[in-house]
Amino acid sequence: LFLWMSGCRAKSGFSLGIRDSLMIAHSFHGHPAFGPASGMHGATYTCDVEFCTDDINPETNWVFDIGEAASILSTVLAKYNLKNLDEVFDNGDLTTTEF
């Protein structure tokens, strides 16, 4: 996790940034455009989330509870972390990074 409070990239006054990572497996179903990566392989992704606000909470002096923010992100990523995306998206989609 990381935290910064010195100006929000979304042009708000304050922000809380958190970071987590996930590891996945997937293939490009032998599609020739992907060369050697067309077969089964793994990838590690970093996911950054930023919570922005114009005013911090006057009672706590924070943007958002960092523990709650980390828990929310972990819950969202759990659907994909340590999973084979070919099984999560079993309709034959090419699960590129942009996907």
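How far apart are the end C-alpha atoms of helix α1 (residues 66-78), and what should its 13 residues span? Select α1 to find out. At 1.5 Å a residue the span should be 18 Å, and the end C-alpha atoms are 18 Å apart, which agrees. The expected span is 1.5 Å times one less than the number of residues.

**Before going on**

This is a predicted model, where local features need pLDDT of at least 70, side-chain atom pairs count only at pLDDT 80 or more, and totals for chains, interfaces and linings use all residues. Residues are numbered from 1 along each chain as its sequence is written, and side-chain values use heavy atoms, leaving out hydrogens and water.

**The whole chain**

Show the protein chain as a cartoon. There are 2 helices and 3 strands. Their pattern along the sequence is β-β-α-β-α. Helices (H or I, at least four residues) and strands (E, at least two) are DSSP runs, numbered from the N terminus. Of the 99 residues, 20% count as buried. Buried means under 20% relative accessible area, exposed over 50%, and partly exposed in between (1.4 Å probe, protein chains only).

**Back to α1**

Now select A69, L73 and L77, which are buried in α1. They cover an arc of only 65° around the axis, so they sit on the same side of α1. The arc is that of the directions from the helix axis to the C-beta atoms.

**Strand β2**

Stay in β2 and pick D48. D48 is partly exposed, at 40% relative accessible area.

**Two loop residues**

Most residues other than glycine have a negative phi. Next, select N61, in the loop between β2 and α1. Its phi is positive, near 60°. N61 is exposed, with a relative accessible area of 56%. Then move to L82, in the loop between α1 and β3 (83-84). L82 also has a positive phi, about 60°. L82 is exposed at 61% relative accessibility.

**The largest pocket**

Finish with the lining of the largest pocket: L22, I24, Y45, L77, Y80, L85, F89, T95, T96, T97 and F99. A pocket is an open set of points on a 1 Å grid over the protein atoms alone, where a 1.4 Å probe fits, with protein on both sides within 12 Å along at least five of seven lines; lining residues have an atom within 4 Å of a point. The volume is about 240 Å³, taken as the space filled by probe spheres set on the points.
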